[in-house]
Protein chains: 2
Amino acid sequence: MTVNTENPTAAVVIIGDEILSGRTQDTNVNTLAKFLGSLGIDLIEVRMIHDDAPQIVRTLNELRSAVDYVFTTGGIGPTHDDITADCVAQAFGVTIAEREDALKILLDRYGGDARLLNPNSRRMARIPEGASLILNPVSGAPGFQIENVFVMAGVPRIMAGMLNDVAPRLRQGQQVKARTVKATFVPESLAADILTALDKKYADLSLGSYPFGIFPEEFGTQLVIRGRNREALDEAFQALLDGLPAVVEKARERFPDARFEEIVTQD
Amino acid sequence: MTVNTENPTAAVVIIGDEILSGRTQDTNVNTLAKFLGSLGIDLIEVRMIHDDAPQIVRTLNELRSAVDYVFTTGGIGPTHDDITADCVAQAFGVTIAEREDALKILLDRYGGDARLLNPNSRRMARIPEGASLILNPVSGAPGFQIENVFVMAGVPRIMAGMLNDVAPRLRQGQQVKARTVKATFVPESLAADILTALDKKYADLSLGSYPFGIFPEEFGTQLVIRGRNREALDEAFQALLDGLPAVVEKARERFPDARFEEIVTQD
């Protein structure tokens, strides 16, 4: 896949020591990748960085001028290490202060009882100047959008919930479609020739091969063709299906059970 | 956690369209994060990028001068989209060619029968000039190290297998230890004050709070203290344990079942 594209482009920034220490297995990248794919937006790059102000500011400023949209997750909670909002304000050179609409959302979570809202929770109502809120249907405390940067929670369920309010704000591109063949007992290397030929013929498609399983007991290769040009995609996929019997025949010299089938995947 | 450190530093580069399309959930970052943590090496940043030559070369050259070690995964298989080795050669300005020791490893996988090794598989014996091989006990085809860059497979089981040959080549740092309290029915915001106080007192420790569960049915906060100074860690953790009863008492005003316990985690 080429990085140059007429479709909207995006970058994701995962903020949090717990990811880089190995304590937490990130799943937000995958959720965001699928979300962006469904809108036809090209995810160009992901960065995972620490709860470290200079690193956050530098990363934001580098990426927000390089792509159409930047999505951050993490660091907008109530504790001392939640510094993302301040860093975003710093990156944009704007002030940050408690905002009434954000505070009202937090208060509503406590039945309007301000005594239940302690000063730490109130930190979550601090929003950079000029930002618009991103609604959080899961736990209340909002994210925010400033220019082309969308600042969201790190907890996966909360982050996913915020995407409903993010989606309508994004310019959509043409969706990438994918078609997949699962070739069991077919080594990746045997499928390489046909993929190389198709890759040369169809410049605007992306062809991938992904080995699976354990060699030689139970293994194989998934062959994936992706692209926005539906006609080219169908044509290339048919050419793949036409070429695979010869590949499988070759594989059967060593693996008598070699076979292939089209499968439906989510990408 | 501060990014400035006397310990060795590292960056990870995950290469592959399948990660950025959302087709594949990455797990290599987490494996590498734990691996580096166990050696006392600070993982500073992770980047996930496409199978795109300019992007790979640019990312490698940026990171290899910024940290002590760079680890890449993905793109060293037998097919047309496996361009990582060529990009590494380009980044270092060296040639790349088939190498006898690498070819021998591949041949051994096929019982020494060169006819079974097709030209596509042979591509996996192409190694940049001056690199040393990284053994792959799982599927044969080696990775390689050139200067401070370690180039490994993308398939998680294979990548993990290569780490045995990588570990002895790395300068080790002082390991980060972590101690964790699980505070059930305690909102993150109530624990914030004690964390802030400890954070101010212990500059060389890293304190994190991580909400879990679903509010208000079943939720809570994990409080984690990390650091290399074992004495400071123990002292700060004791202070946390001493301060938590008052926090829990406060939480019980709304959540009668609020409680806390020390738990053992892997980080």
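Guide: Gladly! A salt bridge here is a side-chain nitrogen of Lys or Arg within 4 Å of a carboxyl oxygen of Asp or Glu. By that rule, A:E45, A:R47, A:E62, B:E45, B:R47 and B:E62 are linked in a network. This is a predicted model, in which local features need pLDDT of at least 70 and side-chain atom pairs count only at pLDDT 80 or more, while totals for chains, interfaces and linings use all residues. Residues are numbered from 1 along each chain as its sequence is written, chains are lettered from A and ligands numbered from 1 in the order in which they are written, and side-chain values use heavy atoms, leaving out hydrogens and water.

Helices (H or I, at least four residues) and strands (E, at least two) are DSSP runs, numbered from the N terminus. For burial, under 20% relative accessible area is buried, over 50% exposed, and in between partly exposed (1.4 Å probe, protein chains only). B:R47 is buried at 3%, whereas B:E62 is partly exposed at 33%.

Now to another pair: B:E262 and B:R179 form a salt bridge, with their closest N and O atoms 3.3 Å apart. B:E262 belongs to strand β12 (residues 259–263) of chain B and B:R179 to strand β9 (residues 177–184) of chain B, so this bridge ties together parts 83 residues apart in sequence.
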